[in-house]
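Below is a short briefing on one protein model, arranged by topic. The cut-offs behind each term are given where the term comes up.

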Amino acid sequence: FRVDVALWREFKECGKHIHIVGMNDVLYVFREWLCSIGAEVTVEGELWLMDGKAEVAIEDSDILVEDEDCGLIRLLYEEYLEVVEKAMLSEVSELKNILFKPYVHGIKQKRAMFHLTWYVPFADGIVPLLYYYLQQGKECVAVFETMQRILCQGKKNIKRILEMARKIESLGGRCYSVDNKEVGMQEYKDCFLCSEYSSWNLPVKAENIVGIQTTAIYTHMYMYKGRLESVFSEGARKVIDYLVASEYIAGWISEKNPRWQEKILKLGYPKLDVLYDSLENDAEIPAEWKNKAEGKKVILIINIEISKWRDYFIDNEELIVIWRPRPVGYEMLETQNEIDRIKDMKNVIIDQRQSYYASFQLSDAMITDVFSSVLVNFLYLDKPVCICDSEEEYKKAVLDYRQEAWYKSADIAFEDNDVLEFMKKVCRGGALISEEQKMYRQQMTSGFDGQVC
């Protein structure tokens with residue numbers, strides 16, 4: 001999904017008809033992606049017919065055929081890595097120069113190692129602690145994932161990883177790839193891992209192995225069976241010495257597996273310090289945004305499509321909408337088409353900034369989907385939130401999210417009209433957060449003081 005239309009045109013297969021024979025989970029998503037970038041695609045097989053897709057028999061020699069062996073997908077993936085590296089040649093070369101320098105040995109008693117995942121939004125959850133350590137003069141080693149895993153996340157991710165590596169070096173830290181075998185051969189005082197996106201079993205020798213909570217809630221654990229059990233397994237509990245987490249997440253994990261309680265430090269999570277600083281120091285809000293929003297109510301719509309409600313706010317003189325699409329789907333054709341449709345509207349702001357802090361500051365309320373961890377961070381601003389939910393989504397969940405405090409902290413919209421009513425309520429003003437919601441918000445936001453690191 002990180003291949004946009006422009007990038008797809010660089011593939012040798014672009015313009016060819018792709019025919020899929022048979023269905024499995026990978027092929028189902030593969031077809032969705034092909035359709036999203038406007039590729040010509042047909043399908044064949046009984047499962048496609050059961051799914052309501054018309055079956056077409058193909059004999060044309062110009063057509064690429066994919067079957068359940070997924071050989072074409074493997075070829076496309078390899079070509080994708082080549083296309084991305086070629087498009088980002090300068091950045092990739094610089095990043096390789098940083099990550100593949102000879103290992104510099106330090107003093108074991110003072111040295112900390114931070115394992116940073118391949119995808120920046122998750123690595124962002126641990127780097128505030130790394131920056132803090134470096135600013136305190138501590139000796140730190142940052143270990144990044146393989147180049148292949150970094151490349152596969154797309155061009156924007158490469159730029160952000162490079163910026164991160166540059167900053168670490170500018171503060172006196174050292175950066176290496178996990179492919180550097182010397183990284184695992186050294187001894188460290190402390191090793192910090194992203195709790196849900198690092199392997200607990202990295203080949204590292206350290207006095208303390210510490211997992212760090214990187215997102216406000218573990219949304220994927222509500223969606224995928226076995227994810228909670230695999231991340232917070234008994235084996236993982238034995239490997240690590242501590243897990244640093246918010247009071248809410250500490251209780252949530254301990255409720256699922258009481259044996260974890262003895263390993264958890266209820267200190268919060270480092271990303272909260274960045275949010276705290278942005279609120280204390282007023283995040284830089286673009287002047288154009290301020291001018292648009294002056295004298296109006298501002299609603300932040302994040303991680304969901306806004307086309308359903310466009311007719312309501314398109315000519316609404318009382319309202320400004322900030323739209324921040326889900327990062328992982330930003331380059332998809334439907335997202336780009338929606339941006340083209342609304343970018344010139346006088347009461348719409350499209351937020352493409354690296355962080356959401358400016359949008360948080362400027363907005364009066366948020367509308368988002370049920371599996372968006374960012375909604376919890378918005379609760380710290382004491383502003384109303386509307387969660388878009390559905391019975392279909394609820395039936396797919398493997399954990400009952402409707403019993404969670406974060407869910408009960410917000411207004412819930414089951415129909416499009418519920419969202420419109422929420423918008424109207426925000427425009428009217430007055431008391432927007434109920435006493436019951438305030439009680440649950442207190443559970444979610446306790447200990448917010450900017451002192452996690």
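Helix α14 lies across strands β9 (242-245) and β10, and runs at about 150° to β10. Lying across rests on contact, meaning heavy atoms within 4.5 Å. Axes are lines fitted to C-alpha atoms, for helices over the stretch in contact, and angles run from 0 to 180 degrees between N-to-C directions. Helices (H or I, at least four residues) and strands (E, at least two) are DSSP runs numbered from the N terminus.

The model is predicted: local features need pLDDT of at least 70, side-chain atom pairs count only at pLDDT 80 or more, and totals for chains, interfaces and linings use all residues. Residues are numbered from 1 along each chain as its sequence is written, and side-chain values use heavy atoms, with hydrogens and water left out.

**Overall**

- The protein contains 24 helices and 16 strands.
- For 453 residues, a compact globule would have a radius of gyration near 22 Å, and the 24 Å of the protein agrees with that. This radius is taken over C-alpha atoms, and the globule rule is 2.2 Å times the number of residues to the power 0.38.
- Along the principal axes, the C-alpha atoms fill a box of roughly 65 × 65 × 45 Å.
- Of the 453 residues, 53% count as buried. Buried means under 20% relative accessible area, exposed over 50%, and partly exposed in between, with a 1.4 Å probe and protein chains only.
- Among contacts between residues at least 6 apart in sequence, 68% join residues at least 24 apart.

**Seven-strand sheet**

- Seven strands form an open sheet in the order β6-β5-β4-β7-β8-β9-β10, and the pairing is parallel. Two strands pair if DSSP finds at least two bridges between them.
- β6 (174-177) and β10 (264-266) are the edge strands, each pairing on one side only.
- On average, neighbouring strands of this sheet are turned by 25° against each other, direction ignored.
- Strand β5 (residues 139-144) runs parallel to β6 and is joined to it by four bridges. Val141 stands opposite Arg174 in β6.

**Three-strand sheet**

- Another open sheet has three strands in the order β2-β1-β3, with parallel pairing.
- Its edge strands are β2 (41-44) and β3 (64-66), and each pairs on one side only.
- From one strand to the next, the twist averages 25°.
- Strand β1 (residues 18-21) and β2 run parallel and are joined by four bridges. His19 has Thr42 in β2 as its bridge partner.
- Helix α2 (residues 25-36) lies across β1, β2 and β3, and runs at about 160° to β1.

**Strand β11**

- Strand β11 (residues 297-302) has five of its six residues buried, so it is largely enclosed by the rest of the structure.
- Six bridges connect β11 to strand β12 (residues 319-324), and the two run parallel. Ile299 stands opposite Val321 in β12.
- β11 also pairs with strand β14 (residues 365-369) in the parallel sense, over four bridges. The bridge partner of Ile302 in β14 is Thr368.

**Helix α15**

- In helix α15 (residues 271-280), the buried residues are Lys271, Leu272, Asp273, Leu275 and Ser278.
- These residues pack against α6 (120-123), α7 (127-135), α19 (357-362) and α20 (374-379).

**Aromatic rings**

- The structure holds 22 aromatic pairs. Rings of Phe, Tyr and Trp (its six-membered ring) pair if their centres lie within 6.5 Å; planes under 30 degrees apart count as stacked, over 60 as edge-to-face and the rest as tilted.
- The ring centres of Tyr218 and Trp252 are 6.2 Å apart and their planes stand at 40°, so the pair is tilted.
- Tyr218 lies in the loop between β8 (205-212) and α11 (220-223) and Trp252 in helix α14 (residues 247-256), so the pair ties together parts that are 34 residues apart in sequence.
- Tyr218 and Trp252 are both buried.
- Phe360 and Phe378 form an edge-to-face pair, 5.0 Å centre to centre with 85° between the planes.
- Phe360 is in helix α19 and Phe378 in helix α20, so this pair ties together parts that are 18 residues apart in sequence.
- Phe360 counts as buried at 0% relative accessibility, and Phe378 is buried with a relative accessible area of 0%.
- One aromatic cluster includes Tyr218, Trp252, Phe371 and Tyr394.

**Charges over rings**

- The charged end of Arg402 sits over the ring of Tyr394, 3.8 Å from its centre.
- Lys138 lies over the face of Tyr133, at 5.6 Å from the ring centre.
- A charge sits over a ring if NZ of Lys or CZ of Arg is within 6 Å of the ring centre and within 35 degrees of the ring normal.
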